[in-house]
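Please read this report alongside the sequence and the model, moving from one to the other as each topic comes up.

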Amino acid sequence: MTMRKVAQRIPFTPSRTQAALLERCFGDRRFAYNQQVEAFNTYDKETNPKPEYPNVTGMKSANGWLKDSPIPSNALSNAIMDFRKAQSAYFRKAQYEKHRPHFASRNDSIQSFRNTMPIRRMNGNR
(Lines give C-alpha, C1' and ligand atoms only; values in the text may rest on other atoms or scores of the structure.)
Protein backbone atom coordinates (compact mmCIF):
# COMPACT_ATOMS: atom_id res chain seq x y z
CA MET A 1 0.00 0.00 0.00
CA THR A 2 1.45 3.34 -1.00
CA MET A 3 0.76 6.52 0.93
CA ARG A 4 0.12 9.75 -0.92
CA LYS A 5 0.11 13.24 0.45
CA VAL A 6 -2.88 15.24 -0.67
CA ALA A 7 -3.16 19.01 -0.54
CA GLN A 8 -6.26 21.07 -0.84
CA ARG A 9 -6.64 24.77 -1.68
CA ILE A 10 -9.33 26.46 0.33
CA PRO A 11 -10.37 30.08 -0.21
CA PHE A 12 -9.53 32.10 2.87
CA THR A 13 -10.36 35.68 3.75
CA PRO A 14 -8.39 36.58 6.86
CA SER A 15 -9.45 39.15 9.41
CA ARG A 16 -7.20 42.16 10.01
CA THR A 17 -5.36 40.53 12.92
CA GLN A 18 -4.94 37.30 10.95
CA ALA A 19 -3.68 39.24 7.93
CA ALA A 20 -1.14 41.03 10.13
CA LEU A 21 -0.02 37.70 11.57
CA LEU A 22 0.36 36.19 8.10
CA GLU A 23 2.35 39.21 6.87
CA ARG A 24 4.66 38.79 9.85
CA CYS A 25 5.11 35.09 9.06
CA PHE A 26 5.87 35.86 5.41
CA GLY A 27 8.42 38.47 6.44
CA ASP A 28 10.16 36.19 8.94
CA ARG A 29 10.42 33.39 6.38
CA ARG A 30 11.75 35.83 3.79
CA PHE A 31 14.32 37.12 6.30
CA ALA A 32 15.59 33.58 7.02
CA TYR A 33 15.90 32.82 3.30
CA ASN A 34 17.64 36.12 2.55
CA GLN A 35 20.15 35.52 5.35
CA GLN A 36 21.14 32.29 3.61
CA VAL A 37 21.45 34.03 0.24
CA GLU A 38 23.58 36.77 1.80
CA ALA A 39 25.96 34.16 3.22
CA PHE A 40 26.02 32.37 -0.14
CA ASN A 41 27.00 35.57 -1.93
CA THR A 42 30.28 35.53 0.04
CA TYR A 43 31.12 32.20 -1.65
CA ASP A 44 34.28 32.20 -3.72
CA LYS A 45 35.97 29.02 -4.93
CA GLU A 46 39.46 30.17 -3.95
CA THR A 47 39.06 32.50 -0.97
CA ASN A 48 35.86 31.31 0.74
CA PRO A 49 34.87 27.81 -0.46
CA LYS A 50 32.72 27.08 2.63
CA PRO A 51 30.85 30.17 3.81
CA GLU A 52 29.31 30.23 7.29
CA TYR A 53 25.53 29.86 6.97
CA PRO A 54 23.37 31.05 9.90
CA ASN A 55 21.04 28.52 11.50
CA VAL A 56 17.65 29.18 13.08
CA THR A 57 18.93 29.42 16.66
CA GLY A 58 21.72 31.76 15.59
CA MET A 59 19.29 34.02 13.77
CA LYS A 60 16.93 34.06 16.75
CA SER A 61 19.68 34.91 19.20
CA ALA A 62 21.02 37.71 16.96
CA ASN A 63 17.57 39.19 16.32
CA GLY A 64 15.31 39.54 19.35
CA TRP A 65 12.26 40.34 17.23
CA LEU A 66 12.61 36.95 15.53
CA LYS A 67 12.69 35.18 18.91
CA ASP A 68 9.34 36.77 19.83
CA SER A 69 7.82 35.92 16.47
CA PRO A 70 4.62 33.82 16.41
CA ILE A 71 5.99 31.71 13.55
CA PRO A 72 7.33 28.29 14.66
CA SER A 73 11.00 27.57 14.07
CA ASN A 74 10.22 24.66 11.73
CA ALA A 75 8.72 27.14 9.25
CA LEU A 76 12.07 28.98 9.32
CA SER A 77 13.84 25.65 8.89
CA ASN A 78 11.72 25.03 5.79
CA ALA A 79 12.96 28.34 4.37
CA ILE A 80 16.54 27.15 4.94
CA MET A 81 15.71 23.83 3.26
CA ASP A 82 14.30 25.74 0.27
CA PHE A 83 17.57 27.63 0.04
CA ARG A 84 19.56 24.38 0.17
CA LYS A 85 17.54 23.10 -2.80
CA ALA A 86 18.28 26.28 -4.75
CA GLN A 87 21.96 26.02 -3.81
CA SER A 88 22.26 22.40 -4.93
CA ALA A 89 20.49 23.24 -8.20
CA TYR A 90 23.01 26.04 -8.74
CA PHE A 91 25.98 23.69 -8.42
CA ARG A 92 24.27 20.87 -10.33
CA LYS A 93 23.27 22.91 -13.41
CA ALA A 94 26.80 24.17 -14.17
CA GLN A 95 25.37 27.29 -15.80
CA TYR A 96 26.62 29.63 -13.14
CA GLU A 97 24.92 33.01 -12.65
CA LYS A 98 21.84 31.78 -14.51
CA HIS A 99 20.48 29.66 -11.66
CA ARG A 100 22.12 31.53 -8.78
CA PRO A 101 19.87 31.87 -5.69
CA HIS A 102 18.54 35.40 -5.43
CA PHE A 103 16.98 37.41 -2.63
CA ALA A 104 13.29 36.94 -1.93
CA SER A 105 11.27 40.11 -2.38
CA ARG A 106 8.32 41.53 -0.50
CA ASN A 107 6.81 42.42 -3.87
CA ASP A 108 6.62 38.85 -5.22
CA SER A 109 3.16 37.92 -6.42
CA ILE A 110 3.04 34.85 -4.16
CA GLN A 111 3.96 34.99 -0.48
CA SER A 112 3.89 31.69 1.37
CA PHE A 113 5.36 29.56 4.12
CA ARG A 114 5.03 25.92 5.08
CA ASN A 115 4.22 24.88 8.60
CA THR A 116 3.47 21.55 10.21
CA MET A 117 2.77 22.89 13.70
CA PRO A 118 -0.11 25.12 14.76
CA ILE A 119 0.61 28.82 15.03
CA ARG A 120 0.25 30.26 18.52
CA ARG A 121 -3.22 31.37 19.41
CA MET A 122 -4.02 35.00 18.87
CA ASN A 123 -7.08 36.44 20.66
CA GLY A 124 -8.37 32.92 21.30
CA ASN A 125 -8.25 31.90 17.62
CA ARG A 126 -5.73 29.77 15.77
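How many aromatic pairs does the structure hold? This is a predicted model, and the structure holds five aromatic pairs. In one of them, the rings of Y33 and F83 have centres 6.0 Å apart and planes at 80°, so this pair is edge-to-face. Y33 belongs to helix α1 and F83 to helix α4, and the pair therefore links distant parts of the chain, 50 residues apart. Y33 counts as buried because its relative accessibility is 12%, and F83, at 0% relative accessibility, counts as buried as well.

Another aromatic pair is formed by F40 and Y90, and this pair is edge-to-face too, with 5.3 Å from centre to centre and 90° between the planes. Because F40 lies in helix α1 and Y90 in helix α4, the pair ties together parts of the chain that are 50 residues apart in sequence. Both F40 and Y90 are buried. The table sets out the geometry of these two pairs.

| Pair | Centre to centre | Angle between planes |
|---|---|---|
| Y33 and F83 | 6.0 Å | 80° |
| F40 and Y90 | 5.3 Å | 90° |

Y33, F40, F83 and Y90 are also among the members of one aromatic cluster, which includes Y53.

**The chain and its helices**

The chain has four helices and zero strands, and from the N terminus on its elements run α-α-α-α. Of the 126 residues in the chain, 32% are buried. Among the contacts in the chain with a separation of 6 or more, 69% are between residues 24 or more positions apart.

How do the axes of helix α1 and helix α4 cross, and at roughly what angle? Helix α1 covers residues 16-40 and helix α4 covers residues 73-93, and their axes come within 8 Å and cross at roughly 35°. The crossing of α1 and α4 is right-handed. On the α1 side the contact is made by D28, R29, A32, Y33, Q36, V37 and F40, while the residues of α4 that take part include L76, A79, I80, F83 and Y90. By kind, the residues of the contact of α1 with α4 divide into eleven nonpolar, two polar and four charged.

One of the residues of this contact, D28, lies in helix α1 and counts as buried because its relative accessibility is 3%. Leaving aside neighbours within four places in sequence, D28 is in contact with W65, L66, S69, I71 and L76.

**The nonpolar cores**

Which residues make up the largest nonpolar core? The largest nonpolar core has eight residues, namely F31, A32, V56, M59, L66, L76, A79 and I80. Helices α1, α2 (56-62) and α4 each supply at least two residues of this core, and the largest share, three residues, comes from α4. M59, a member of this core, touches F31, A32, Q35, Q36, P54, L66 and I80, when residues up to four places away in sequence are not counted. Apart from this core lies another one, of seven residues, among them V37, A39, F40 and Y53.

Read together, these parts share several residues. A32, for instance, takes part in the contact of α1 with α4 and is also a member of the largest nonpolar core, whereas F40 takes part in that contact, is paired with Y90 and belongs to the other core, of seven residues.

Definitions and conventions. Residues numbered from 1 in each chain as written. Predicted model: local features only at pLDDT ≥ 70, side-chain atom pairs only at ≥ 80, totals over all residues. Heavy atoms only, no water. Axes fitted to C-alpha atoms, helices over the stretch in contact; angles between N-to-C directions. Left-handed = near helix turned anticlockwise from the far one by under 90°. Contact = heavy atoms within 4.5 Å. Nonpolar A, V, L, I, M, F, W, Y, C, P; charged D, E, K, R; others polar. Core = buried A, V, L, I, M, F, W, Y, C linked by side-chain atoms within 4.5 Å. Buried < 20%, exposed > 50% of the residue type's maximum accessible area, 1.4 Å probe, protein only. Phe/Tyr/Trp six-rings, centres within 6.5 Å; stacked < 30°, edge-to-face > 60°.
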